Amino acid sequence: MRLSVIGCGYLGAVHAACMAELGHDVVGIDVDPTKVAALNLAQPTLYEPGLVEILQRNLTNGRLRFTTDFAAAADAQVHFLGVGTPQKRGEQAADLSYVYAAVDSLAPYVAPGALIAGKSTVPVGTAASVEARLKQVQPEAMLAWNPEFLREGVAVSDTISPDRIVYGLPAGPDGEKARALLDQVYSQALSAGTPLVATDFATAELVKVAANAFLATKISFINAMSEVAAATGADVTKLADAIGYDERIGRKFLNAGAGFGGGCLPKDIRAFRARAEELGLGDTLTFLKEVESINLRQRVRISELVVEALDGHLMGHRVAVLGLAFKPESDDVRDSPALDVAVRLHGLGADVVCADPKAIANAAALHPQLSYTEEVTDAIDGAEVLVLLTEWKQYRELDPALAATKVRGRIVIDGRNVLDPEAWRRAGWRYYGVGRN
Ligand code: UDX
């Protein structure tokens, strides 16, 4: 099919490349000429495993190109909207200006019978107003909302083989036509048996924010349990294993530690609460406020563990922070718990050296006051405390005996509960986990 993808950030760049990989003819459109030029050279400004390879392959075979010119979308049968919906400055709500600007720029080029499929995460009710805006310019065009559930770090496989597909379809005959177009786009995943939920706009919009709210709640639940475990001498990791065997609960997303961050979960739960307030349902989602408080408290708790480990004084002590990205296999530091803790420790007077294999450039742009190194050995050299905050494989697999020969103090704070406490203790370390006795 001929497709356009409007907005070539995280979501859009990955979506455009993956749609081309599936055999479609795709043009990606973005207002940022630097981003477009980089994508046309298969040099995305974001790190996502596998993305460069599929960009290269599909730019070379001619199925994919990027441009700033909306007119290039004119012959597309389906236009995906993948622009950002960041948090508004000084407010909790989502900023929809990029969505509306994209629709306004695109609408004159949308052919009769063509479909715009919104992928951005939006507050419930947005699709209805986007549809009205589109119809004013092109009454015979259609809108659907088709939320995206990709996870950073595995975004390529999540897009090519999603675990479910959701269509929010317009009412009336347009609904059937829109569905037929989307079925063609996703024919490969559908024929492989991927579950499809076809519904109305509001449900599709809510599915995305509800999924993220649930995941955030699950993480904060286990982090709250980690506080109780810390106070009572219990072990939250064993607790999570034990409750996770119950299939109704499940073990995934029950890892206590520094908590959630990134470009989605934090902003999406804030925007969901803001939208609920507008709908007069503020009380209904009050619990999400608590979910966020627990999440932010984890950063304070981990900083306090470092202070405690150094007998109350950080001033002038050398602390190695391992990890800055909000999760492994990503260079994204948006709302990253790891970076937040590093900044706190620096603010408390510690001499902080941060290591991360991918996220240093992004972290340094925000916090030039910290010291950075890509090499874990450089970071731990002479450190008095190691603080693991992003569970990159190379940090999980650190050899405690070898690390012991490099440091000045054998104290390790495992902010993601991924190290083997016994192995570290055997090598002479004082091990602190999060709610891990
Ligand atoms: C999330 C959703 O998973 C995805 O479906 C949606 O499309 C976008 O938002 P992502 O932001 O890539 O994806 O990261 P995710 O893997 O969900 O992790 C979010 C955060 O939660 C990370 O900071 C991670 O470290 C943290 N986390 C995750 C925990 O603290 N504990 C866990 O058990 C799991």
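With which side chain does the side chain of Asp414 make a polar contact? The partner is the side chain of Tyr431, at 2.7 Å. A polar contact here is a pair of N or O atoms within 3.5 Å; within protein, one atom must be able to donate a hydrogen and the other to accept it, and residues adjacent in sequence count only if both atoms are side-chain atoms. The side chain of Asp414 also has a polar contact of 3.4 Å with the side chain of Arg436.

Before we go on, a word about the model. It is a predicted one, in which local features need pLDDT of at least 70 and side-chain atom pairs count only at pLDDT 80 or more, while totals for chains, interfaces and linings use all residues. Residues are numbered from 1 along each chain as its sequence is written, and side-chain values use heavy atoms, leaving out hydrogens and water.

Asp414 belongs to strand E13, residues 411-414. Helices (H or I, at least four residues) and strands (E, at least two) are DSSP runs, numbered from the N terminus. Asp414 is buried, with a relative accessible area of 0%. Buried means under 20% relative accessible area, exposed means over 50%, and partly exposed is in between, with a 1.4 Å probe and protein chains only.

Now let us visit strand E4, residues 78-81. Val78 and Phe80 point one way from this strand, His79 and Leu81 point the other way, and all are buried. Strands E1 (residues 2-6) and E4 run parallel and are joined by four bridges; two strands pair if DSSP finds at least two bridges between them. In this pairing, Val5 stands opposite Phe80. E4 also pairs in the parallel sense with strand E5 (residues 115-118), again over four bridges, and there Phe80 stands opposite Ala117. To get from E4 to E5, the chain passes through helix H4 (residues 97-106) in a right-handed β-α-β crossover. Right-handed means that, with the strands pointing away from the viewer, the path from the first strand over the helix to the second runs clockwise.

Next comes the ligand. It is surrounded by 20 residues, and the closest are Leu150, Glu152, Asn255, Phe326 and Lys327; a residue counts as near when one of its heavy atoms lies within 4 Å. Helix H9 (residues 201-232) gives the largest share of this shell, four residues. Backbone atoms take part too: a backbone N or O atom of Phe149 lies 2.9 Å from an oxygen atom of the ligand, and for Leu150 the corresponding distance is 2.8 Å. On its own the ligand has 670 Å² of accessible area, and the protein covers 91% of it. Such areas come from the Shrake-Rupley method with a 1.4 Å probe; for residues, only the protein chains shown count as cover.

Some loops are worth a look as well. His24 lies in the loop between helix H1 (10-21) and strand E2 (25-29). His24 is buried at 7% relative accessible area, and a polar atom of its side chain lies 2.9 Å from the backbone oxygen of Val185. Glu48 sits in the loop between helix H2 (33-40) and helix H3 (51-60) and is buried, at 4%. Leu279, in the loop between helix H11 (265-278) and helix H12 (286-309), counts as partly exposed because its relative accessibility is 45%.
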